Amino acid sequence: MSNRILSVMFTDIQGYTARTSAQSRDATLQLLKRHRDLLLPVLARYGGRLVKGIGDAFLVTFDSPTDAVLAGIAVQETLAAHNAGVPDAQQLRIRVAIHTGEVLLAEDDVYGEAVNIAARIEGIAEPGEVYFTEATYLSMNRAEVPSAEIGYRILKGIPEKIKVFKVLRDGQTVASVADAVAAAVDSVPAEGPAAAPRGRRVAAFALDLLLVALLARLLLVPLFAQLEQQRGALAERRGALAGQLLDGWKASAAQALAGRGEVDPALPEAAGIRAFRDEVSAFIRARGLQQRSREAVLDALESDPRMRARMETLRRQLASAAQARVELWLGDPATPLPAAAELPAGVGEYRQQAARLAARQQRARLGLPLLALGLLVVYAGVAVGWRGRTAGKALLRLRVTDAGGGHPGFARALGRALGYLLSALPLGLGFAWGLAAADRRAWHDRLSGTRVVAG
């Protein structure tokens, strides 16, 4: 086994399968014999070595890329002369494709990517034409071969796009070939990678979204930890303040019910306390207890079923009203308080702290999706611009290319990532369009001139 740099030629007959299916075996053998008799002497004259014949196809190698292309021209001229003198049924039209590169020679055969590329170029060549790759173009004597570039092509099983040239026939010019290429509707041939399957594309995008959301959450961990700490401290402050308020109101209410001092108007149910105190005064006068001790008066009140029940009812009303007042003052700081409410000491400060914390929490909730969106644009732009695929697409064997099948580059990749906004904002219609379209290109792909393909 040995390695050499050779020019590899593939040829095959146009419409061979359809032609042989409609004729006898003897006619097919005669066709193949005529094919060999016409081509092999011409190829040998230019130093071509027949490696093998595969049905109607020949695999031939040349030491010289110039001789390989000249041999292709001579073959097409020989067939043109032959076709001019025979009926249509006996005419032969072939495709010729050439690529130059390193091959492995082993057991009278050749192997390697150079052979694969030549075979793929033969698949896109036109009958009567000689196609060859940039490697051959750069290696040959270009003064001997009139040629024109027909552009990059994506070839099945070949990771890089390949620039292809063709030999100019009589009457053709470089400008005419360029015009024909520019007028083509689709510069990506059928041999190119298939459009990404819908399910795999959706799954890849979901994986990327999950990755970006996790990254955004990790970046905001310090902020969320600080907010959680502030929430805990504020909850402790609320509990202590609520206890102080309830204890203070309980003590004030007890004094007021016992007839000590004026009734604080800030006390819940202050009007009820005054009414009860009036009832107690009437009770004392009716029982002649004005000169009795305070303990004797309380005993008399407790011993009277109606007054005892009245005191218990008022205590429950006071406790319920006090709890409701605490919930109102120490609840949602956005809830407006009655205009005439006078806040006890500490309540106003607590409400300000709670309002500031609520505002920070709201900003954090809004900041998480905005941060995730920004990260998605940066992540997708850098990953596609660098490697042609994101992590999600790599896992599902997808990649992003430009319209010609090549690497999109950073500028195009960033434009594509920014185009996510266009696809996402109108209820995700741009993404849905990509799944429904025949070429499966979403709005951001059309905007940036990219496509997602399998491979």
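Helix axes are here lines fitted to C-alpha atoms over the stretch in contact, and the angles between N-to-C directions run from 0 to 180 degrees. The model is predicted, so to speak of local features a pLDDT of at least 70 is needed, side-chain atom pairs count only at pLDDT 80 or more, and totals for chains, interfaces and linings use all residues. Residues are numbered from 1 along each chain as its sequence is written, and side-chain values use heavy atoms, leaving out hydrogens and water.

Helices (DSSP runs of H or I, at least four residues) and strands (E, at least two) are numbered from the N terminus. The axes of α12 (residues 347–387) and α14 cross at roughly 150 degrees and come within 8 Å. Val377, Ala380, Gly381, Val382, Val384, Gly385 and Trp386 of α12 meet Gly409, Phe410, Ala413, Leu414, Ala417 and Leu418 of α14 in this contact (heavy atoms within 4.5 Å).

Within α14 (residues 409–418), Ala413, Arg416 and Ala417 are buried, meaning under 20% relative accessible area with a 1.4 Å probe, protein chains only. These buried residues line one face of the helix, because they fall within an arc of 100 degrees seen down the axis of α14, the arc being that of the directions from the helix axis to the C-beta atoms.

Thr61 in β3 (residues 57–62) counts as buried at 4% relative accessibility. Leaving aside residues up to four places away in sequence, Thr61 touches Leu6, Ser7, Val8, Gly47, Gly48, Arg49, Val51 and Val110. Ile94 belongs to β4 (residues 94–106) and is buried, with a relative accessible area of 0%.

Key: Buried < 20%, exposed > 50% of the residue type's maximum accessible area, 1.4 Å probe, protein only.
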